[in-house]
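Here are my notes on this one, written up as numbered points. Have a look at the model first, then read on.

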Amino acid sequence: MKSRFGKYGGRYVPEALIPALEELEREYLAAKKDIKFKGELQDLLKNYAGRPTPLVFAKNLTEKLGGAKIYLKNEGLNHTGAHKITHCIGQALVAKRLGKTRLIAETGAGMHGVATATVAAKLGFSCDVYMGEVDVARQRPNVFLMEQLGARVIPVETGTKTLKDAVNAAIKDWIENVKDTHYLLGSVVGPHPYPTMNRDFQSVVGWEIKRQVRAREGRLPDYVIACVGGGSNAMGAFADFLRNKEVKLVGVEAGGRGKKAGEHATRFPGGSVGVVEGYKSYFLQDSDGQLQKTHSISAGLDYPGIGPELAYLRDKGRVEFVSATDAEVLSAFRLLAKSEGIIPALESAHAFAYCVKLAPTLSKDKVVVVNLSGRGDKDLFILAEAFKDEKFYEFLENYIKK
Ligand SMILES: *Cc1c(COP(=O)(O)O)cnc(C)c1O
């Protein structure tokens, strides 16, 4: 199995972790060929996660924007509300084959923590989730959900007390407990084999899109658009189309509120090649190689690195990168909710924001698919603040007084 995508990827980790990564790679390769494993995975994806997710023809939006036909892949209908459950189930099943009994993860906004805690509960693992102390305070609802699911949330008090410190704590834990513990990584990032393994698990998304568009249109789409944090929903949507050169693939990054360092999370432009968290790719970093602060209205895109395969596909010109600002995302969010009755996650609204610009420039016979990676329930507090909904704050105050 190749550990690199061009010059990107690789396995830049402490010596102590090499055997665990080799073991994981070996077992994953064996699992891929095992009919029983495939059966178990498909059963859970269908009967627990809710796959396949629907491909919705956005009739109202297509008419309103007056150009290409718009289809929405509604990954928000997955169990736990986003695409993440798919690679969590996959990894947990590989961990089971390895005889591991404990899952660990690190999380920033908490969504990956909730997905990990969910599969841990379902498949009988104990679960510890590392989270920066600052994030624990900011993301109480997800901390509460993880605890209800039976996971232990461990606040990390070192450094900036945010995601990168949680990553370091999780790696340290894995080194110490590698015998019984699987480190469940939440995107197509990290050392080999994670980027390849998570892409393979998520590639069911593009596989479904292909069949669903063929059934409706009798051909392939002209565009597939997805938002890019680490890149798992984007690689999932893109993977099955890589060899179909006529299908344009577009990744949308978080343009945030400005172009200065710290105001956005666009690695293209903004990032440079480096080695961080076990892999080589583009990172938002300073001249010392320290990760920069990022900003996005959506917590899931607020990440300084990007999956190595996406860096490679961008160099090759196979995937085009654009960005959407916080303001564009909020207006796209409103348009999607009011036109199609779908409340997207703010991450997914980035992908849709680009579609709002693109669709009117294309002729009516073109077909655009937007991957809606998740639903927006989780963003209630951010949305109420962004839309300055006074009544929502009144509600919160009255709730506390009760
Ligand atoms: C976590 C998350 C993302 C970002 O992660 P990727 O690995 O880039 O897909 C995007 N959308 C939603 C809804 C998420 O929860």
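The points below go through the ligand site, a pocket and the cavities.

1. Before anything else: this is a predicted model, so read the distances and volumes below as computed values.

2. Let's start with the ligand. Its shell is made up of 16 residues, and the closest of them are Lys84, Ser187, Gly229, Ser232 and Ser373. Sorted by class, that shell holds ten polar, four nonpolar and two charged residues.

3. On its own the ligand has 380 Å² of accessible area, and the protein covers 96% of that.

4. Where does the ligand lie relative to the two domains? It lies between them, because domain 1 (4-46 + 83-198) and domain 2 (51-81 + 203-386) both give residues to its shell.

5. Next, the second largest pocket, which has about 650 Å³ of space. Its lining counts 22 residues, with Gln42, Leu45, Asp200, Ser203 and Val204 nearest the centre.

6. H2 is the top contributor, with six residues. This second largest pocket also lies between domain 1 and domain 2, since both supply lining residues.

7. How many cavities of 30 Å³ or more does the structure hold? There are two. The largest cavity has about 50 Å³ of space, and its lining consists of Thr80, Ala82, Lys84, Met111, Val114 and Ala115. Helix H5 (residues 111-123) provides the largest share of that lining, three residues. By class, the lining of the largest cavity has four nonpolar residues, one polar and one charged. Note that Lys84 turns up here and also among the residues closest to the ligand.

8. The second largest cavity has about 30 Å³ of space. Its lining includes Lys2, Arg4, Phe5, Gly190, His192 and Thr196. Strand E1 (4-5) and H9 are the elements that give two or more residues to this lining. The class count for the second largest cavity is six polar, three nonpolar and two charged.

How values were computed:
Residues are numbered from 1 along each chain as its sequence is written. This is a predicted model: local features need pLDDT of at least 70, side-chain atom pairs count only at pLDDT 80 or more; totals for chains, interfaces and linings use all residues. Side-chain values use heavy atoms; hydrogens and water are left out. A residue is near a molecule or strand if one of its heavy atoms lies within 4 Å of it. Accessible areas come from the Shrake-Rupley method with a 1.4 Å probe; for residues, only the protein chains shown count as cover. Ala, Val, Leu, Ile, Met, Phe, Trp, Tyr, Cys and Pro count as nonpolar, Asp, Glu, Lys and Arg as charged, and the others, Gly among them, as polar. Domain bounds come from an automatic or database domain assignment. On a 1 Å grid over the protein atoms alone, a cavity is a set of points where a 1.4 Å probe fits but cannot get out, and a pocket is an open set with protein on both sides within 12 Å along at least five of seven lines; lining residues have an atom within 4 Å of a point. Grid points are joined across faces, edges and corners, and a volume is the space filled by probe spheres set on the points. Helices (H or I, at least four residues) and strands (E, at least two) are DSSP runs, numbered from the N terminus.
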